[in-house]
Amino acid sequence: MRLIGVDLLCERGGRRVFSGLGFAVSGGEALVVTGPNGAGKSSLLRVIAGLVRHDAGTITLEGGDDELPVPAQCHYAGHYDALKPSLTVMENLSFWQSFFEVPGLDPLDALDELEIGHLADLPGAYLSAGQRRRLALARLLVARRPVWLLDEPTSALDRRSEAKLTALMNAHVADGGIVMAATHTPLELVNRRELQIGRPQA
Amino acid sequence: MKLKSIWDLANPTRFLGLVNAVLPWLAGITALTFIAGLYMTFFVAPADYQQGETVRIMYIHVPAAWLAMLTYSVMTASSIGSLVWRHPLADVSVKAAAPIGAAFTLLALITGSLWGKPMWGAWWVWDARLTSFLVLFIMYLGLMALQSTIEEPGRAARAVAILTLVGFVNIPIIKFSVDWWNTLHQPASVFRADGPTIHPTLLWPLLVMAIAFSLLFLTLHLAAMRNEILRRRIRTLRLMQASGETGTAATPAAQEA
Amino acid sequence: MSGPFTALFLREVRLAVRVGGGALMGVLFFLIVVTVIPFGIGPDLNLLNRIGPAILWIGALLATLLALDRLFQADREDGSLDLLLMGGHPLELVVVVKCLAHWAATGLPLVIATPILSIFVNLEPIQIGAVVATLLVGTPALTFIGAIGAALTVTLRRGGLLLAILVLPSTIPVLIFGVSAANAAVSEPMPFMTPFLYLAAVSLISTVIGPVAAAAALRSGQD
């Protein structure tokens, strides 16, 4: 499996975010996207996720499911946790499992994996920022999708949860999955490669 | 001595203990008063020579209407307590009273409509009294809607208290303007709930029913306050459960902000 | 586990009926609109009876539109919309399911409340039946048309008023056929079925146009 972006061009609000950008990640690799603020790290991930239009270039997932568009094979965890405060933690998570329709971990096991199993029956409103973030990450486990797109996944996480996240990312990579993460936290990832985007302070 | 005991009552835990002790008795007395009142309504009070048997609706309609207004007064007093002294029990009292007040108002509206049907020939006329009660009903529903929209109990209580006080100031103005509007348009039928004189045989059942309704309010209000206090405790416990990180307290670095 | 759209439907209904969802807020608003109008035009029961169906229809129209502004906005603000877009399901279907759930939670209660509110405007039983039938057929159209406005204004902070401005012109046919059918039920010369079938047709058309246009608006609004 190989996720390839060729000659990507993205313009937002008349401003050119990036152009001529290319990358390739194979299954079993983690690609860390780095660059200065405003270089387009978030935009790149959102372009791959199909949430932002790219004005030129192509994105393909070789060896993926040809029936599905690339975004439907990606998990995206962005700045927002997509958590409904009036639904319980369990309801939040099992909805996404049913909606994504692909098999994965049992929601309760996924919550336990992220050490928030004891919160399963609480409304989302009661969760702290770190707990919300962990619930958002549990979503990656309940439906198996080959590509993980993570935008600043460590924000609001403490060191222990950060280590947990690193372990999950490594497990996904070891399983043949692809991880693309925009982060400045030096995570100890196996098979880690780096994609530097943006000119360093033009 | 007396003051001290009042402050003791204001402590939610003491309050809960007291309510649990008093409530069964209160419920029993309420039931007995209702039995007496309803008996008098149906078997003692005479039928009206004009309105016939339908006059018996009055013994439910009029006390319900009184209680609808009394409940709002209780809410107003509690709102002052809530805003001025920031007293948690006052918050709870406002919240617990609103649905009860709405129920009494609805009862008054329904019985008023049933009572009027033979005379008006319609289930509803825009009679000044009935219309004012409809507005009161909507105000109760508005207060309940505001309560249910704000999740955090303290913030909800303050918002509701302010709205309750605004309503209290506005109710006489609304009543006055509705009367004005009604006389301006020549009401469809002239109808007054209370005649100029009430005969004692009518008055006694009415009084007993009024006492029964007041006791019912007291019972329901205390029970609702107890439920609300317990509901808040559950909320606090769940919040504690959310912040209590099981199994991660070993390292100080794991403490959540 | 249940299918993705059943899950979405249940989630939407749950969100609507829980704290802050405000499913019954629409009914309360409906009640207030119907109550306020007699204060403007007077308590003449014959007059109210004549314009009663129109009052109820306008009340239901406004209540439906005002409840719609959060249809997509809440999902956009917390990032759920991104994930709904990435689900691999046609966005049009997602919109249809969201609209149906929204209608079940806010539109259907309006229809159910109508017989009670009809009493305030002195409607005859046959008129009540006609208004309920037309609202039952017509309010889904209002939801689907309103969804277009909700999708167009999804990125705006204060989209509620703009939504009403954008959408109200498109709801005029629904209002016209709905009120004429409801009136035709009592006034002899006009048949009830003609406007009622037009109303049903408008409803069916909007279940197609609404989701397609709303999905297009949501896609173009992404950034």
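User: Buried area is the accessible area (1.4 Å probe) that two parts lose on being put together, summed over both; what is the area buried between chain C and chain A?

Analyst: About 2,400 Å² is buried between chain C and chain A, and carbon and sulfur atoms give 63% of that area. This is a predicted model, in which local features need pLDDT of at least 70 and side-chain atom pairs count only at pLDDT 80 or more, while totals for chains, interfaces and linings use all residues. Side-chain values use heavy atoms, without hydrogens and water, residues are numbered from 1 along each chain as its sequence is written, and chains are lettered from A and ligands numbered from 1 in the order in which they are written.

User: How many residues of chain C are in contact with chain A?

Analyst: On the chain C side 30 residues are in contact with 30 residues of chain A, contact meaning heavy atoms within 4.5 Å.

User: And how many salt bridges cross that interface?

Analyst: The rule finds five between chain C and chain A, each being a side-chain nitrogen of Lys or Arg within 4 Å of a carboxyl oxygen of Asp or Glu. In one of them the side chains of R18(C) and E91(A) meet at 2.7 Å, N to O, and R14(C) also bridges to E91(A), at 3.5 Å.

User: Is E91(A) buried or exposed?

Analyst: E91(A) counts as buried at 18% relative accessibility, whereas R14(C) is partly exposed at 32%; buried means under 20% relative accessible area, exposed over 50%, and partly exposed in between (1.4 Å probe, protein chains only).

User: What about chain B, how many helices and strands?

Analyst: Chain B has seven helices and zero strands, and 44% of its 257 residues count as buried. Within its helix α6, D179(B) and K175(B) lie four residues apart, about one turn of the helix, and they form a salt bridge at 3.3 Å.

Note on methods:
Helix = DSSP H or I, 4+ residues; strand = E, 2+ residues; numbered from the N terminus.
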